[in-house]
Amino acid sequence: MERNRKSPWEKLELGTCYYPEHWDSSLWEQDLGRMLAHGITTIRVGEFAWNLTEPEEGVFTFTFWDRFLDLAEQAGMKVIFCTPTATPPAWLTDKYPEVLNARRDGVLYRHGMRRHYNYNSKKYQELSARVVEKLGEHYGKRPCIVGWQIDNEFNCETQEFYSESDTLAFREFLRDKYGTLEELNRAWGNAFWNQTYTAWEQIFVPRTTYGDGTNPHQKLDYMRFVSESAIRFCGMQSEILRKYVKPGDFITTNGMFGSLDNHRMTRDCLDVYTYDSYPNFAFAMREDPRHNTTLLDRKWSRSLMEVRSVCPHFGIMEQQAGAGGSIGSDAPAPKPGQMMLWAMQSIAHGADYVSFFRWRTAAFGTEIYWHGLLDYDNLPNRKLAELQRLHARVEAIQELAGADYVAPVALVKDYDNVFDASLDAWHGKLTRSSEMELFVGAQLSHTPLDALYLQEGTTLEDLKQYRVLFCPHQVILTQAQAKLLEDYVRQGGSLVLGARTGQKDVDGHCVMAPMPGLLAPLTQTRVKEFTWIGPGDDPVPMDWNGRALDTGLFNDVLAPAGEDAKVLARYSGDTWYAGEPALLETQAGEGKVLHFGGTFTRESVQALLEYLGVREPLGDLLQVPPACEAALRRKGEREYLLVLNYGKEPQELLLKRPMVDLDDRCPVEGSVVLGSYETKVYRIGG
Ligand code: GAL
């Protein structure tokens with residue numbers, strides 16, 4: 001855990017993703033020179049280039065990368081070198097089709113795209129291990145290499161694997177987990193619909209069934225298995241690389257995708273975590289009614305919050321530099337200032353390294369519309385000029401490197417619930433809505449928010465970093481989690497729970513006790529009844545001291561179940577449970593727990609933050625309009641304030657304390673106007 005807390009970057013650095021194999025080698029030297037002249041000190045190479053090292057099975061050659069790395073070294077460019085396992089060569093998939101991933105109905109995904117392999121093929125593991133070993137052996141001590149990226153974006157493209165190797169590995173995973181078929185049949189509730197297994201060979205990864213009614217407990221274990229498979233594949237590579245990398249060089253992987261315990265992967269296999277940030281997606285998805293457009297590109301701060309929970313000081317391996325389009329989207333080109341804004345968004349949330357995707361837009365292949373810093377014509381352009389300004393900015397704010405993001409409130413999560421929410425329709429809808437509203441409510445009230453994952457090794461001290469914890473829908477609740485949350489409250493924390501808390505156990509079975517289940521002794525509350533707010537129903541408000549607040553999508557009708565539970569708000573409006581408790585507060589030890597029966601809305605979030613005394617904690621430092629995001633970073637005695645204007649319209653701030661604008665080192669206080677997409681970095685005090 002500790003290892004991941006240390007950033008491998010001693011200062012803020014800029015980079016780019018470069019694909020020497022896409023260009024005539026006569027361009028390499030010029031490209032490297034131009035990058036350096038624009039402040040790019042590191043490049044990432046090689047993640048899709050297996051053939052360049054092993055053009056035929058068992059035949060290894062290093063001439064391509066030797067030549068390129070010699071040039072990089074001469075130019076003084078640092079390199080993040082990648083293992084190429086995201087794109088198996090044609091000779092490999094042709095000879096060994098068992099390495100391919102399959103659709104649920106068994107049809108194989110063929111050569112011609114990427115990530116078409118499965119993690120569990122023994123052949124793929126063997127051939128991957130060999131090419132990684134060869135690359136590690138040959139390049140591990142190369143002076144220009146500073147880090148290694150394993151594969152590319154685990155679980156991107158698909159998070160579902162249905163090959164024969166997956167079924168074999170799934171059986172092993174289940175044998176290890178359950179030991180006996182009796183135990184598996186119990187955990188999967190196989191008495192339901194006569195699903196009992198009498199031999200391990202009868203068990204498969206989920207297969208085609210009517211609708212999507214496959215056994216939910218099987219699916220929950222399957223997601224855990226997919227996560228485990230990706231982590232094992234990553235771990236296999238990192239173990240090999242460890243034998244060869246120079247002291248100080250880091251091992252990482254990039255992206256953040258589903259069905260994957262990114263925290264455990266980082267803890268077990270990596271030195272640092274890197275994320276790929278594409279906020280311009282927001283503008284491409286605008287027409288999609290399922291997409292919440294309130295915060296558009298600012299919503300990427302939510303992903304960055306998650307990334308920060310994996311690794312407080314992280315890198316951005318791919319930062320959007322241009323419009324994207326390979327998936328049929330018609331995203332606009334970033335407007336002047338937006339590229340810098342998005343880079344600053346990453347830095348505000350804890351990135352010490354920002355690497356742009358990509359140096360030059362591909363002139364061929366699937367991604368000719370995923371635009372890089374340079375366009376096909378290779379001429380100086382607006383984006384390059386913006387990069388130059390970003391470079392000057394990064395140099396001006398160097399003292400920010402390694403400062404911690406400061407948040408008084410955290411959203412509590414864990415992977416069993418993340419996985420269950422992606423399978424269980426009720427859990428999923430509640431969670432998606434509440435987490436988004438919590439984020440929006442926190443953003444609009446300028447209340448910095450962290451994510452805190454309950455995982456192996458999470459301690460009470462981790463929880464005590466926060467004054468308030470929101471645990472919106474902890475549907476699966478374990479004894480260990482209940483104990484941790486209870487200790488947190490007793491030692492002075494404020495815990496907010498939402499609907500369906502404690503509904504299930506770790507197998508995903510519903511607990512035969514009133515909700516909130518294992519937390520009932522702490523909350524002294526119980527759920528009497530529950531219901532969706534149906535599509536034809538009016539919204540159901542709760543009356544909290546005369547204020548009507550919407551209770552969202554779903555209502556648990558609550559009741560006190562002990563002397564200490566106090567009703568704070570009751571359901572109101574035209575509903576059959578009007579007058580029943582919607583929000584209860586229970587003091588326990590030094591702290592308190594608030595049990596809320598609904599899903600959260602941005603208004604109820606802000607009312608709760610206010611009630612718990614943490615709304616707008618930056619209010620003493622500045623007054624900032626809702627259109628801007630504000631972040632506080634701390635390093636020793638020093639504190640920094642970052643303000644980001646996501647809009648075209650100018651925004652006025654009021655700085656309430658003397659500060660230093662790090663761009664020009666001038667003291668500043670009082671009113672400041674931020675132009676379109678402008679960002680500011682202030683040191684608080686002198
Ligand atoms: C990322 C990926 C890159 C590139 C980029 C733009 O997901 O890692 O290789 O595809 O998106 O689409």
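This note sets out, point by point, the domains, selected strands and helices, and the ligand surroundings of the structure above.

1. Basis of the model. The model is predicted, so to speak of a local feature requires pLDDT of at least 70, side-chain atom pairs count only at pLDDT 80 or more, and totals for chains, interfaces and linings use all residues. Residues are numbered from 1 along each chain as its sequence is written, and side-chain values use heavy atoms, with hydrogens and water left out.

2. Domains. The protein is assigned domain 1 (13–158 + 235–402), domain 2 (409–611) and domain 3 (622–684); such bounds come from an automatic or database domain assignment. Between the C-alpha centres of domain 2 and domain 3 the distance is 34 Å.

3. Strand β22. Helices (H or I, at least four residues) and strands (E, at least two) are DSSP runs, numbered from the N terminus. Strand β22 covers residues 628–635, and because six of its eight residues are buried, it is largely enclosed by the rest of the structure. Here buried means under 20% relative accessible area, exposed means over 50%, and partly exposed lies in between (1.4 Å probe, protein chains only).

4. Partners of β22. Two strands pair if DSSP finds at least two bridges between them. Strand β9 (residues 404–405) pairs with β22 in the antiparallel sense over two bridges, and Asp 404 is opposite Arg 634. Strand β23 (residues 638–645) is also antiparallel to β22, over eight bridges, with Cys 628 facing Asn 645. Two residues separate β22 from β23 in a hairpin, and Gly 636 in the turn has a positive phi of about 60°.

5. Strand β4. Of the five residues in strand β4 (residues 145–149), four are buried. Strand β3 (residues 78–82) pairs with β4 in the parallel sense over four bridges, where Ile 80 stands opposite Gly 147. Strand β5 (residues 250–252) is likewise parallel to β4, joined by three bridges, and Gln 149 is opposite Thr 252.

6. Helix α20. Seven of the 10 residues of helix α20 (residues 602–611) are buried, among them Val 605, Leu 608 and Leu 609. Arg 602 belongs to this helix and counts as buried at 18% relative accessibility. The side chains of Arg 602 and Thr 294 are joined by a polar contact of 3.3 Å. A polar contact is a pair of N or O atoms within 3.5 Å; within protein, one must be able to donate a hydrogen and the other to accept it, and residues adjacent in sequence count only if both atoms are side-chain atoms. After α20 comes Gly 613, with a positive phi near 75°.

7. Polar side-chain atoms lie at the following distances from an oxygen atom of the ligand: 3.0 Å for Asn 152, 2.7 Å for Glu 318 and 2.4 Å for Glu 367. The protein covers 92% of the 300 Å² of accessible area that the ligand has on its own.

8. Thr 478. Thr 478 is located in the loop between β12 (468–471) and α18 (479–490). With a relative accessible area of 21%, Thr 478 is partly exposed. Thr 478 and Asn 155 are 323 residues apart in sequence, and their C-alpha atoms are 27 Å apart in space.

Key: Accessible areas come from the Shrake-Rupley method with a 1.4 Å probe; for residues, only the protein chains shown count as cover.
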